[in-house]
Amino acid sequence: MLIRHSSDVVPSEITSRRVFERRREFLQAAVGIGLSEVVYPLSSAIAAGKFPDTTKSSLSTLEKPTLFKDVTSYNNFYEFGTDKADPALHANTLKTRPWILSVEGLVKRPKAIAIDDLIKLAPLEERIYRMRCVEGWSMVIPWLGFPLATLLKSVEPLGAAKYVEFVSAADPKTMPGVNRGMIDWPYVEGLRLDEALHPLTILSVGLYGEPLPNQNGAPVRLVVPWKYGFKSGKSIVKIRLVEHEPKTAWMKAAPSEYGFYSNVNPEVDHPRWSQATERRIGEFFKRKTLAFNGYADKVARLYAGMDLKKFY
Ligand code: MTE
């Protein structure tokens, strides 16, 4: 990823969505009185007929979400340019309907599923996750989505399937960045099958109660909160179950800088950016980066016995 200075982000003075805040106040009060599993319908103001009712997830953090304005205007989406402001400025050309996601490779029942059927595949949950970029900034994002495992189980992976490859759209007509080099398009990411099946790993189709804005990877993207943000491929068109570790776009572009695992690890610096601390967008002071981005209690066991300095 190119070097950009995070200091060019001015903490927004625009208030985040009032309705969302009210829901959080309600939730925090609910947690305070011990109702950690409250299920509530999306407020009609937010849903506006776009999504069916959603539920909250007990896997959400109670940390304050980053302002909607910052989540949707400070992005990495190189298909639309390398500047943080480029995706919000240029991704309006992305056509998200019709959109087919195919799931193929080492599976018993491959399928090609239209986005509007995918959204109905499983109940949508709000998952408020900490997200950490390798460049040293972080956000807290209220995603809407469902476990990737639901989709993967529906295609019945074969025994030989050990990894999952995620391929993003690469349309030179609507994605100007694809006409430039730097990345061997399409953008490809990968997970080990057990990582892909982990309950924290979701396919997201929305954020802040609304369909995903184009700049955040509409109409469907991956979200893996214990890994650096670049593992969470945007605007996915193909998911392939494979036997061998996929070659990801960043491993091909800069093999000395990016490894396959890319778990958030404050002890392993990127050659260009320290991973010890991070700046939460909207905050002034830096904070310490946590192992596995604070999800160690849920995911560290996946890497038992592995040297995570070697497998970074
Ligand atoms: N997916 C695609 N297809 N293209 C990209 O350039 N950038 C990655 C990831 N997914 C990227 C991508 C990086 S580097 C980050 S940090 C996150 O998306 C940013 O997601 P956000 O803009 O929704 O915060």
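## Terms and model

Ala, Val, Leu, Ile, Met, Phe, Trp, Tyr, Cys and Pro count here as nonpolar, Asp, Glu, Lys and Arg as charged, and the others, Gly among them, as polar. The model is predicted, so local features need pLDDT of at least 70, side-chain atom pairs count only at pLDDT 80 or more, and totals for chains, interfaces and linings use all residues. Residues are numbered from 1 along each chain as its sequence is written, and side-chain values use heavy atoms, with hydrogens and water left out.

## The ligand and its shell

The ligand is surrounded by 16 residues. The closest are N75, Y78, E79, R221 and K234. By class, the shell holds six nonpolar, seven polar and three charged residues.

Where does the ligand sit? It sits in the largest cavity. A cavity is a set of points, on a 1 Å grid over the protein atoms alone, where a 1.4 Å probe fits but cannot get out. To sit there, a molecule needs more than half of its atoms within 2 Å of the grid points.

## Polar contacts

A polar contact is a pair of N or O atoms within 3.5 Å. A backbone N or O atom of Y78 lies 2.8 Å from a ligand oxygen. A polar side-chain atom of S168 is 3.1 Å from a ligand nitrogen. S232 places a polar backbone atom 2.9 Å from a nitrogen atom of the ligand. Taken alone, the ligand exposes 540 Å², and the protein buries 97% of that. These areas come from the Shrake-Rupley method with a 1.4 Å probe.

## Strands around β11

Strands are DSSP runs of E, at least two residues long, and helices are runs of H or I, at least four; both are numbered from the N terminus. Two strands pair if DSSP finds at least two bridges between them.

Strand β11 covers residues 236–242 and runs parallel to β2 (residues 100–105), with four bridges joining them. There, G105 has L241 as its bridge partner. Strand β6 (residues 163–168) runs antiparallel to β11, joined by six bridges. E165 is partnered with R240 of β11.

## Backbone details in loops

R97 and P98 are joined by a cis peptide bond, with omega about -10°. P98 lies in the loop between α4 (86–90) and β2. A cis peptide bond also joins A218 and P219, with omega about -5°. P219 is in the loop between β9 (210–211) and β10 (221–223).

E156 is a residue other than glycine with a positive phi, near 55°. Its loop runs between α6 (148–154) and β6.

Definitions and conventions: Near = heavy atom within 4 Å. Polar contact = N/O pair within 3.5 Å; in protein donor to acceptor, adjacent residues only side chain to side chain. 1 Å grid on protein atoms, 1.4 Å probe; cavity = no way out; pocket = protein on both sides within 12 Å on 5 of 7 lines; lining within 4 Å.
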